[in-house]
Amino acid sequence: MLTIGSFFDLADFPDQELFADCPYVWVPLKKLKAYIASQTTPTFQHLCITDGVPLDSPYIWFNGRLRNARECVITYGDATKGGLSVWENGQFLQGASVIMAGAVILGKNIKLGKGVLIESGAMIKSPAIIGDQSEIRQGAYLRGNCLIGKRCVVGHTTEVKHTIFLNDAKAGHFAYLGDSILGNRVNLGAGTKCANLRFFSGNVNLKNGDVTLDTGLKKLGAIVGDGSQTGCNSVTSPGTIMGPDSLLMPNATAPAGVHPRKSVLR
């Protein structure tokens with residue numbers, strides 16, 4: 001089965017609407033750009049922030065407003081566990097998000113949840129949606145049309161383009177994700193690359209048993225079901241569909257096609 005429900009539990013995902021009326025698990029990627037455009041507005045702006053210029057001080061996003069945080073006391077705990085805290089003039093700012101000095105923002109259409117941490121050196125191109133208590137770590141690069149769920153990690157020197165992270169998905173170190181979907185609690189080992197472009201022209205086709213399906217997509221990375229993991233320095237070929245609770249072993253390359261639940265790819 002290649003339905004949404006056979007790969008992902010959306011019960012606690014804030015953007016369930018994106019997955020509605022999708023006959024196949026890759027179809028949300030076709031809707032992603034339009035969906036993010038409908039959910040973001042040019043609100044992420046401040047007179048002292050210039051596109052493409054590293055921030056010269058920390059900023060906080062609180063109660064729908066972006067403001068300088070020079071006078072705030074910030075505790076940089078694990079944001080995914082609610083450890084980020086912000087105090088201003090002795091008042092605790094419940095749910096404040098923090099953008100550290102040195103981060104680079106391009107564009108205004110960025111929707112931030114509560115308790116988000118964006119570290120120094122990260123670059124975020126709008127439009128983007130970043131859910132509650134997620135971390136965008138030093139050197140991360142969000143290239144636009146990225147939807148990051150709750151308690152996610154986009155890690156050091158990880159590049160993400162036109163991709164969806166469901167809740168608690170983590171790509172902590174040196175990863176690349178293009179045109180991909182990571183399910184709940186998916187963890188990518190350091191150096192995982194989810195390739196999205198075939199050598200040959202045309203749409204990405206998927207083999208599912210004896211049937212070949214045309215995805216209608218020229219670029220398709222990996223669809224990784226809930227609870228799956230990849231080992232360090234692993235690669236997924238364009239059009240890799242991994243069922244829930246699957247494993248891609250270290251230094252291995254996953255062939256394109258559909259791999260059922262609890263697959264072990266070596």
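**Note on the strands, backbone and aromatic rings of a predicted model**

1. In the hairpin of β23 and β24, where 2 residues lie between the strands, G209 has a positive phi near 70°. Strand β23 (residues 205-208) and strand β24 (residues 211-214) run antiparallel and are joined by 4 bridges, and N205 has D214 in β24 as its bridge partner. Strands here are DSSP runs (E, at least two residues), numbered from the N terminus, and two strands pair if DSSP finds at least two bridges between them.

2. On the basis of the model: this is a predicted model, in which local features need pLDDT of at least 70 and side-chain atom pairs count only at pLDDT 80 or more, while totals for chains, interfaces and linings use all residues. Residues are numbered from 1 along each chain as its sequence is written, and side-chain values use heavy atoms, with hydrogens and water left out.

3. K262, in the loop between β31 (257-259) and β32, has a positive phi near 60°, but K262 counts as exposed, at 61% relative accessibility.

4. The peptide bond from S126 to P127 is cis, with omega near 0°. P127 is placed in the loop between β10 (123-125) and β11 (128-130).

5. A search of the whole structure finds 6 aromatic pairs, where rings of Phe, Tyr and Trp (its six-membered ring) pair if their centres lie within 6.5 Å, and planes under 30 degrees apart count as stacked, over 60 as edge-to-face and the rest as tilted. The pair of F7 and F8 is tilted, because the ring centres are 6.1 Å apart and the planes stand at 55°. F7 counts as buried at 4% relative accessibility, and F8 likewise counts as buried at 4%. Y24 and W26 form a stacked pair, with 4.8 Å from centre to centre and 5° between the planes; Y24 is partly exposed, with a relative accessible area of 34%, whereas W26 is buried at 2%. Ring pairs also link F7, F8, F13 and F19 into a cluster.

6. On the surface, V73, W87 and F92 form a nonpolar patch with about 280 Å² of accessible area together. Patches are made of residues with over 30% relative accessible area and no salt bridge, like charges being joined within 9 Å and nonpolar side chains (Val, Leu, Ile, Met, Phe, Trp, Tyr) within 5 Å; a salt bridge is a side-chain nitrogen of Lys or Arg within 4 Å of a carboxyl oxygen of Asp or Glu. Accessible areas come from the Shrake-Rupley method with a 1.4 Å probe, and for residues only the protein chains shown count as cover. V73 lies in strand β3 (residues 72-76) and is exposed, with a relative accessible area of 53%.

Notes: Buried < 20%, exposed > 50% of the residue type's maximum accessible area, 1.4 Å probe, protein only.
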